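Reader: I am new to this structure and would like to go through it step by step. Please show it first.

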Amino acid sequence: MDPIPFFIAAVSAYLYALGGRRASLRSVSATRRRSWERLGRSCCFYAGLAAIVVALEPPVDTLSQRYFFVHMLQHLLLMMVAAPLVVLGAPWSRSWRPLPLGFRRPVARTVARHRVLRPLRAAAHWMASPMPAFVLFTADLAAWHVPQAYDLTLSDPAVHYAEHVSFLLLGIVFWAQIVDSPPLRSRLDYPGRVAFAVLGGAASWVLAVVLALAPRPLYSYSGHGHLSALTDQQLAGGMMWGPGSIPLAVYVFYGLYRWLGEDEPGARRRRAGRRVFSASS
C-alpha cells in the first residue's frame with residue numbers, strides 16, 4: 001500500500017468538503033446554484049479521487065507490474081476517468097477558500113503579480129489554450145508508450161510517479177477544453193468541443209491499433225502472468241480502443257446534443273433574452 005495517493009486524496013476531499021459545507025466560505029454565486037448541481041459536482045469530484053486511489057493502489061498497481069493490459073488500465077483510469085471527473089467537480093475555488101486568508105492573499109498576489117513568475121504565468125496561459133493542450137496531451141501519451149520509456153517506468157519508481165502525474169495533470173488540461181469547470185470556461189464552442197474530443201479519441205485509437213495489430217511484442221519487460229507477451233499487448237490495445245473510448249464517445253454525443261439544441265427556437269429566444277438583460281443592466 002502506497003500512502004501518498006491516500007494522503008493526497010484525503011486532504012483534497014477534506015478541503016473540498018470544507019469549502020462546500022461552511023456557508024461563510026461560499027461565494028455569492030455558489031449560494032444561488034441549484035442544490036442538485038452542487039451535489040452532482042461533489043459526487044464527480046469524490047468519484048475522481050476514488051478513481052485515482054484505485055488506479056495507484058493494490059490490486060491494480062500490483063497487477064500492473066505483471067500484466068501490460070492492467071498497466072494500460074491504470075493509464076485509462078487516470079486520463080479518461082479521474083481527469084474528467086475532477087474537471088466536472090470544479091474544485092479550484094472551492095478547495096482554495098478553506099485555507100487561511102493570511103495564506104491565500106500573499107500566495108495569490110505573488111502568483112498573479114510577481115515578476116519572476118511571469119514566464120510561469122505565460123506558460124500556464126499557453127497550456128490552457130486548446131491547441132497546446134491537445135498537443136501536450138497526445139505527445140505525453142505517445143512519449144510514455146515508446147518502448148524504452150515504458151520499460152523505464154517499471155524499473156524506476158520515480159519515473160513511474162512522473163508518468164502518472166503527467167497523465168492526470170495533462171488529462172485535466174485536456175478535458176478542461178471541452179468541459180466547463182467553474183470558474184474556468186472552455187474557449188471552444190460546442191462544434192469545436194466535439195471536434196476536439198474526436199481528435200483526442202483518434203490519437204488514442206492510433207496507439208491502440210499499433211498495440212493490437214503489432215506482429216510481435218513491443219515491450220521487453222518481464223511479466224505477463226499466465227498470458228503470452230503478445231496476447232497481453234493485444235489486450236492492452238483492445239482496452240484502449242474499447243473501454244478507453246467510452247468517456248470521449250459519451251461526450252461527443254452530449255456535445256452534438258448541445259450543439260444541435262442551440263439552433264432550436266427556444267434556445268435562440270433564451271440567448272436573446274440574456275443579451276437584452278445584459279445590455280439593460
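Reader: Does Cys43 count as buried, exposed or partly exposed, and what is its relative accessibility?

Author: This is a predicted model, in which local features need pLDDT of at least 70 and side-chain atom pairs count only at pLDDT 80 or more, while totals for chains, interfaces and linings use all residues. Residues are numbered from 1 along each chain as its sequence is written, and side-chain values use heavy atoms, with hydrogens and water left out. Buried means under 20% relative accessible area, exposed over 50%, and partly exposed in between, with a 1.4 Å probe and protein chains only. Cys43 counts as partly exposed because its relative accessibility is 46%.

Reader: How many disulfides does a search of the whole structure find?

Author: Cys44 is in no disulfide. For the whole structure, the number of disulfides found is 0.

Reader: How many helices and strands does the protein chain have?

Author: Helices (H or I, at least four residues) and strands (E, at least two) are DSSP runs, numbered from the N terminus. By that count the protein chain has 15 helices and 0 strands.

Reader: How are helix H9 and helix H11 oriented to each other?

Author: Axes are lines fitted to C-alpha atoms, for helices over the stretch in contact, and angles run from 0 to 180 degrees between N-to-C directions. H9 (residues 130-144) and H11 (residues 157-175) have axes 9 Å apart, at an angle of about 155°. Angles over 145 degrees count as roughly antiparallel, under 35 as roughly parallel, 65 to 115 as roughly perpendicular and the rest as oblique. H9 is therefore, relative to H11, roughly antiparallel.

Reader: Which residues of H5 meet residues in H10?

Author: Helix H5 (residues 68-89) packs with helix H10 (residues 147-155) at about 90°, with axes 13 Å apart, which means that the two are roughly perpendicular. Contact means heavy atoms within 4.5 Å. On the H10 side are Tyr150, Thr153 and Leu154, and in H5 they meet Phe68, His71 and His75.

Reader: What percentage of the residues in the protein chain is buried?

Author: The protein chain has 281 residues. Of these, the buried share is 40%.

Key:
Disulfide = S-S within 2.5 Å.
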